[in-house]
Amino acid sequence: MQWNIYWTIGLVLVLLSIGFYFFSVIFASYCIYTATLKRKDKDHWGRTISIRTELTEKMDAEGMAWQSAHDTFRKDVHILRNGLNLYGEYYDMGSDKVAMILSGRTESLRYGYYFAKPYADSGFNVLVIDPRAHGFSDGQYNTVGFEESRDALAWVRFLEENFQIKTVVFHGICIGAAAGMLAITADDCPSCVKGMVTEGMFANFGCSMRNHLIERKRLMWPVMQCIDFWMKHYTGHSMMRGPIDVIDKMDKPLLMIQSKMDKYSTPENARKLYDKCPSREKSLVLYETGDHSMLRITDTEKYDSAIKDFLARYFQ
């Protein structure tokens with residue numbers, strides 16, 4: 001009789017332990033998801049530097065200097081998509097060509113200033129935007145490029161209708177690169193979208209999230225699956241899909257800029273993306289050093305020259 005009681009107690013304790021483990025995983029995954037991809041309030045992911053380091057402050061200062069020098073060309077712009085007010089700034093230098101800067105997670109249009117110079121120097125107007133859930137724009141969730149890609153196409157149509165633009169080139173950083181790739185390969189992408197430049201583009205955001213968890217020595221299974229569950233629940237999209245699933249439709253000029261030291265959007269995944277892209281007008285510029293989304297500040301001349309050569313080859 002005592003033996004059966006001990007077995008029963010043991011079984012109950014095992015079941016409680018398993019239940020507590022899975023509850024902990026579900027709760028932890030929810031916390032990770034909301035901390036990474038959910039905006040807390042309007043001040044969160046606003047028009048300020050998201051992470052303050054010596055390099056980001058230098059990038060911000062140079063970006064603000066570019067903005068100040070071109071402020072007379074600025075036009076505040078706004079669109080409405082799916083009930084969300086989305087805001088941007090259009091720098092109209094009189095061209096019929098536009099570079100649309102698509103910033104990454106946590107960054108607003110102010111971050112885009114820093115990447116505008118090589119495009120303006122090449123005779124392009126510049127559109128910088130607050131992605132949904134960033135800056136002045138509405139929204140609560142970052143959808144790792146999916147809804148952002150539809151927003152980008154809405155901005156393109158706005159440019160066509162209001163400024164008679166004939167050429168648009170996307171410049172995407174991290175999630176902005178994913179948004180641009182999903183947009184440019186969409187069946188309804190306007191014909192004026194002619195090409196794209198990417199920095200730190202991931203195969204899918206799940207790969208990037210996995211690398212973040214590895215860096216922080218977090219459990220992989222079933223945490224990743226639970227994080228993806230929360231994303232599907234709140235946005236209807238899976239982070240296990242992304243540019244790798246659409247890049248085989250990319251038939252326009254593509255310039256990929258990638259660091260060999262990128263721990264999140266790894267060079268291995270960049271090579272897979274590059275090899276899968278069927279465009280005959282593609283190039284891959286590799287940096288030996290440089291952190292994720294920090295390549296222009298690592299070697300500005302190399303970065304700007306690659307973009308200017310790309311633009312001159314295909315869009316001049």
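# Helix contacts in a predicted model

Phe 146, Glu 148, Ser 149, Ala 152 and Leu 153 of helix H5 are in contact with Ala 179, Leu 182 and Ala 183 of helix H6. By class, the residues of this H5–H6 contact are six nonpolar, one polar and one charged. The model is predicted.

**H5 and H6**

- Helix H5 spans residues 146–163 and helix H6 spans residues 175–184; their axes come within 8 Å of each other and cross at roughly 60 degrees.
- An angle under 35 degrees would count as roughly parallel, and 65 to 115 as roughly perpendicular; H5 and H6 are therefore oblique to each other.
- The crossing in which H5 passes H6 is right-handed.

**H7 and H8**

- The axes of H7 and helix H8 (residues 223–235) cross at roughly 130 degrees and come within 11 Å.
- That angle makes H7 oblique to H8, since only angles over 145 degrees count as roughly antiparallel.
- H7 passes H8 in a crossing that is right-handed.
- On the H7 side the contact involves Gly 206, Met 209, Arg 210 and Leu 213, and these meet Val 223, Met 224 and Ile 227 of H8.
- The residues of the H7–H8 contact comprise five nonpolar, one polar and one charged.

**The two sides of H9**

- In helix H9 (residues 267–276), the buried residues are Pro 267, Asn 269, Ala 270, Leu 273 and Tyr 274.
- Which elements do the buried residues of H9 pack against? They pack against helix H7 (205–215), strand S7 (254–259) and strand S8 (282–287).
- Glu 268, Lys 272 and Asp 275 are exposed and sit on the face of H9 turned away from its buried side.

**Lys 58 in H2**

- Lys 58 belongs to helix H2, which runs over residues 54–69.
- Is Lys 58 buried, partly exposed or exposed? Its relative accessible area is 45%, so Lys 58 is partly exposed, as buried means under 20% and exposed over 50%.
- Lys 58 and Tyr 90 are 32 residues apart along the chain, and their C-alpha atoms are separated by 23 Å.

Conventions
Residues are numbered from 1 along each chain as its sequence is written. This is a predicted model: local features need pLDDT of at least 70, side-chain atom pairs count only at pLDDT 80 or more; totals for chains, interfaces and linings use all residues. Side-chain values use heavy atoms; hydrogens and water are left out. Buried means under 20% relative accessible area, exposed over 50%, partly exposed in between (1.4 Å probe, protein chains only). Helices (H or I, at least four residues) and strands (E, at least two) are DSSP runs, numbered from the N terminus. Contact means heavy atoms within 4.5 Å. Axes are lines fitted to C-alpha atoms, for helices over the stretch in contact, and angles run from 0 to 180 degrees between N-to-C directions. A crossing is left-handed if the near helix is turned anticlockwise from the far one by less than a right angle, and right-handed if clockwise. Ala, Val, Leu, Ile, Met, Phe, Trp, Tyr, Cys and Pro count as nonpolar, Asp, Glu, Lys and Arg as charged, and the others, Gly among them, as polar.
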